[in-house]
2 protein chains.
Amino acid sequence: MDATTTRVDRFDGAIAAMEAAIGAEHVLTRDLEDHCDPFAPEGDWYRPGAVLMPKSVEEVQAILRIANEHDTPVWASSQGRNKGYGGGAPRVSGTFVLSLRRMNRVLEVDEENCVALVEPGVRFFDLYDHLRQTGSKLWMSVPDLGGGSVIGNSLEHGLGYTPIGDHFGQHCGMEVVLPDGEILRTGMGGMANPHNWLIYPHSCGPSWDGIFSQSNFGVVTKMGVSLFPAPEVYAPGWFTLGDEAQFGAFLDVLRPMMIDGTIPNQPMITNAVCAASAFGERKPWYDGTDAIPEEVLDRIAATPGFGRWVMRFALYGDAPVVAHNRAKITAALGAIPSGAVTFDQFDGRDLPELTNPHHRVQAGIPSMALDQMTRWYGGEEGGHIGFSCAMPISGKDGTAIRDLARGLLNERGLDYSAAIIVGKRSMVHVALVVFDTKNEAQTRDAYAATKAMLEPAAKLGYGEYRSHLDFMDEVAALYDFNNNAQRRFAERIKDCLDPNGILSPGKQGIWPARLRQDPA
Amino acid sequence: MDATTTRVDRFDGAIAAMEAAIGAEHVLTRDLEDHCDPFAPEGDWYRPGAVLMPKSVEEVQAILRIANEHDTPVWASSQGRNKGYGGGAPRVSGTFVLSLRRMNRVLEVDEENCVALVEPGVRFFDLYDHLRQTGSKLWMSVPDLGGGSVIGNSLEHGLGYTPIGDHFGQHCGMEVVLPDGEILRTGMGGMANPHNWLIYPHSCGPSWDGIFSQSNFGVVTKMGVSLFPAPEVYAPGWFTLGDEAQFGAFLDVLRPMMIDGTIPNQPMITNAVCAASAFGERKPWYDGTDAIPEEVLDRIAATPGFGRWVMRFALYGDAPVVAHNRAKITAALGAIPSGAVTFDQFDGRDLPELTNPHHRVQAGIPSMALDQMTRWYGGEEGGHIGFSCAMPISGKDGTAIRDLARGLLNERGLDYSAAIIVGKRSMVHVALVVFDTKNEAQTRDAYAATKAMLEPAAKLGYGEYRSHLDFMDEVAALYDFNNNAQRRFAERIKDCLDPNGILSPGKQGIWPARLRQDPA
């Protein structure tokens, strides 16, 4: 394009080409709310200029080629339902969003090898429905809210709560459209006719998959995902801890049972505020405008089923193995002062209708029930953003991040709502900053409070595992080893693969060369 | 450099600079046999011009900078003990080998989180000795031969036989010196002072680690590796199968027990030739120059402890869990006609001295005992190369690759020796082509026979998971989806990161631009 062409002219020219390529009805230019940050404060805040809804890989290729020709960036999004991190909104307002929602086919379910091949528009609900409708015996893994994309969640390093809850770690094989429209398949998909694409994760040569996660180097159009066989027994459990002072001791008892697999899934540990928010609003507990006081937390903690901290987790497997591990866990966690362990138990191969949303999510059944959490401050318009960093499963680390997040939030009058997702050797502490989106001051303060936690956490050695759109640059800057070697390396790769800088500029702080000095 | 400078002049100039940078005594120019393909046929076959032995990251940086200045490639190698794939030899004869053997420190063992940070010269033996000498209670994972580099094995997607036997999948965090001498740390190492580098595998942004495996994009100078707690019970088991016709049925019974974790480690299945070769030479069984006949295989199979196929595997964990899984496995595999299951059992926390090398390797104790296998054709100078492809754990796939490899080897008069390493959802079938290195005709025929299997296997849909130096180009060519998209993508990244093409040219078929048309 002529360098003097204005951005608006370029965009208008591109719109016409996009309409010709994918059909005018699939180029949306109004009513784009569903492709914005769902919890945005009022005002000019990351809004698409138009949304492109391709149906096929060929249409994705065409879109990227047009974007290169017209010099108009596109922000790729699978479903755009990572609501606490900005949804499907682009970092550069007024640009295209490439939404993959219409590419929603479950292409294959391999019952023997317990894997599936899906497109990026497939939501957890869609995959679940497909499995049940086709009579599959397999279970899947889901995050707390089932409306998101299976692929999108995995690419963002999202987490689930089954034994295959490390969703990115459990994927196998990708098809990627590169910024220039070329198609790359990773792993054994590098062969024209592989018999092993979805079961062996590498090829012979470099393993590429990781670079297409949390990046702007390609559009993932297919991915292999793990499923798992229905267990003989499914035993979801609860651990409640009444005494805040035992929080560190609890984590130190938990760690070895995660590492040795006694607890095979990814537990979630919530504090009193977070646990209470799953069941109802704040007002019955406390109506002050300051942060919820200690004595109210103790009142919540004293309610049956609650605690200062509560952990949900689950066992899966043969009955004698589950029985052994139930007893082992009950003995270990039950020995912690103020701790109590309870279990339910179900026939995994003939599962009854589960009503408890926590039981559902740990059985890989999608749900939207936990969206309730965002309504803590009242009304239907609650929002949340996540401050989410990774650390060892340890009392020392857990109490350090708790004290940091609680202190910074409480001094701004915000409640400290924490959900800790526990993996085999690490845990992700999410401070779930909840607010009423109709309260602009509270909304803006929530974003500011979340940003304020980043640097103190980094000083303690804890990096974010994921970031809201609004502070991707700040998070990237905190990866500061060797003069931000990771960002500089990402920029080299970005310039190599996307010289025109058309794909998702600014994603995770990776800007193309021309926008690097003067972002947006 | 002046473009008219000859390669020899450049090399001589570089030698002087290298000597100045790392000390003349660490630039080896003679007696380089230990850095060549250990099983090479006679003649001009992948030989270094000199070997560089740095002691520190700074020296690695200096070497790469000199290599760029002098336009002299260096072939990086951790220990160079991947003996069946070419050892530490470079693809371009006469160039530098960068051997990391002197960088051999165990930098950290984290007993709580069960991880270690090591340098690339650390051998499995070294890490094991370190753990025992420091009183660590942790177990590690090892491949069959313990003389190799922990990092090198992991980077080549090497496999071990414990529950953490997927060595690359079980690493966490890398330090890499890029071709231009810059240092990149992956994952949480992207922060200057991380508290989570070795326990959480990603950062916030793209995950880079995979691109430094089986590649020539950087020199890995540190890596986090997983360890695991000593189990209460360690129960190594054997399954022997007398009837070749039941081989497929066996794999189909095995698959669900791998996927659901009943068998938690990575079993190895060997055929009669391979199993016999671990115990002694071929001559007592058969002295013909043709492939070993069926009736001799049956005679081997009838020997106590042997079979047409034999699988070693192991259970680890609490006594009641191991007891349950022992019974379950015995029932399932024991029901296969001609199948028999046996177990040994040890106190994992007070392990006796294990004498059986198979028991040792599955307990993560390094050994060289299985080097015996290469002596099948007699003498101390046996060699082997691996034809190694990945496929589902299934009777259909297992019999297809068996028939292909057996047919192609037998028609050349070579025995079919097979070792199948089984993972959670895939298995790697290694046709271990064994030969007497003093028999040049047999040696050359072994290399030719291995190459001859590549294309027929790819036609069936099975790609190599790893490749000998001598046929990296052929293997890369078989990854032919979209006009070899993987290789073309690797070349783009190569040109971006290593524009002078100085690091390990030709590794996995990835050549720098100037060597792409006319390799070597």
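Helices (H or I, at least four residues) and strands (E, at least two) are DSSP runs, numbered from the N terminus. The model is predicted: local features need pLDDT of at least 70, side-chain atom pairs count only at pLDDT 80 or more, and totals for chains, interfaces and linings use all residues. Residues are numbered from 1 along each chain as its sequence is written, chains are lettered from A and ligands numbered from 1 in the order in which they are written, and side-chain values use heavy atoms, with hydrogens and water left out.

**View 1. Helices α5 and α10 of chain B pack against each other.** Helix α5(B) covers residues 247-259 and helix α10(B) residues 395-410. Their axes lie 7 Å apart at an angle of about 140°; axes are lines fitted to C-alpha atoms, for helices over the stretch in contact, and angles run from 0 to 180 degrees between N-to-C directions. The two helices are therefore oblique to each other, given that angles under 35 degrees count as roughly parallel, over 145 as roughly antiparallel, 65 to 115 as roughly perpendicular and the rest as oblique. The crossing of α5(B) and α10(B) is right-handed (a crossing is left-handed if the near helix is turned anticlockwise from the far one by less than a right angle, and right-handed if clockwise). From α5(B), F247(B), G248(B), L251(B) and D252(B) meet G395(B), G398(B), T399(B) and R402(B) of α10(B), where contact means heavy atoms within 4.5 Å. The residues of this contact divide into 2 nonpolar, 4 polar and 2 charged; Ala, Val, Leu, Ile, Met, Phe, Trp, Tyr, Cys and Pro count as nonpolar, Asp, Glu, Lys and Arg as charged, and the others, Gly among them, as polar.

**View 2. Helices α1 and α2 of chain A pack at an angle of about 160°.** Helix α1(A) spans residues 7-22, helix α2(A) spans residues 57-70, and their axes are 10 Å apart. The pair is therefore roughly antiparallel, and its crossing is right-handed. Residues of α1(A) in the contact include R10(A), G13(A) and A14(A), and those of α2(A) include E59(A), A62(A) and H70(A). By class, the contact residues are 9 nonpolar, 2 polar and 2 charged.

**View 3. An open sheet of 5 strands in chain A has antiparallel pairing.** The strand order is β5-β6-β10-β8-β9; two strands pair if DSSP finds at least two bridges between them. Strands β5 and β9 (183-185) are the edges, each pairing on one side only. Neighbouring strands are turned by 10° against each other on average, direction ignored. Helix α3(A) (residues 124-133) packs on the sheet, touching β5, β6 and β10 (219-226), and its direction makes about 50° with that of β5(A). Strand β8(A) (residues 171-177) pairs with β9(A) over 3 bridges, and E175(A) stands opposite R185(A).

**View 4. Strands β5 and β6 of chain A form a hairpin.** The strands, residues 106-110 and 115-118, pair in the antiparallel sense over 4 bridges. D110(A) has V115(A) as its bridge partner. There are 4 residues between the strands, and C114(A) in the turn has a positive phi of about 60°.

**View 5. Chains A and B are related by rotation.**

Terms used
Least-squares fit on C-alpha atoms with pLDDT ≥ 70 in both.
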